Amino acid sequence: MKRIFNVLALGLLLVSCGPEKPQAPADLLPKDKMVEVLIDLYKAEATVSTQHLPKDQAMNAYQKLEAGVYSKNSVDSTTFNNSYAYYLKEDVTAAAEIQKEVVEKLKAKKEELAKDSADKSKK
């Protein structure tokens, strides 16, 4: 019994002395803003991928759209990338929530577009 206690005490000591969880960046984007930016970035990526451009032209087109997304959302790429990296590495639960909301909103938009398209074809 004493041996188990010693092992548990050592384990707690090691955990308590482990590296501290990194602090969130000062300019961390809130989850709702991350959702907005990610949705716009996914739309930009889809726009470029449906154009079947050569790789270098596609990359240039995407970079222009990406800059527009950051401008539209009043975010710079460094802030977005730092926030994205923080969520993925340090707050996985929040990252999963963000991704889930992005998927849900994109699905809703897709359904809305399909409905609008069906309504137009009936006219």
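## Terms and model

Contact here means heavy atoms within 4.5 Å. With that in hand, let's look at T79: leaving aside its neighbours within four places in sequence, T79 is in contact with D27 and L29.

The model is a predicted one, in which local features need pLDDT of at least 70 and side-chain atom pairs count only at pLDDT 80 or more, while totals for chains, interfaces and linings use all residues. Residues are numbered from 1 along each chain as its sequence is written, and side-chain values use heavy atoms, with hydrogens and water left out.

## Overall fold

Among contacts between residues at least 6 apart in sequence, 78% join residues at least 24 apart.

Of the 123 residues, 20% count as buried, a word that means under 20% relative accessible area, with exposed being over 50% and partly exposed in between (1.4 Å probe, protein chains only). The protein chain exposes about 9500 Å², and carbon and sulfur atoms supply 59% of it; these areas come from the Shrake-Rupley method with a 1.4 Å probe, and for residues only the protein chains shown count as cover.

## The nonpolar core

A nonpolar core is a set of buried Ala, Val, Leu, Ile, Met, Phe, Trp, Tyr and Cys residues joined through side-chain atoms within 4.5 Å. The largest one has 21 residues, and those with the most contacts inside it are M34, V37, L41, F80, Y87, I98 and V102. Two or more residues come from each of α2 (31-49), α3 (55-72), α4 and α5, with α2 giving the largest share, eight residues.

Take L41 as an example: apart from its neighbours within four places in sequence, L41 is in contact with Y62, E66, V69, Y70 and F80.

## Where α4 meets α5

Y87, L88 and E90 in α4 meet V92, A94, A95 and I98 in α5. These residues divide into six nonpolar, no polar and one charged; Ala, Val, Leu, Ile, Met, Phe, Trp, Tyr, Cys and Pro count as nonpolar, Asp, Glu, Lys and Arg as charged, and the others, Gly among them, as polar.

## Back to T79

T79 sits in helix α4 and, at 10% relative accessibility, counts as buried.

Key: Helices (H or I, at least four residues) and strands (E, at least two) are DSSP runs, numbered from the N terminus.
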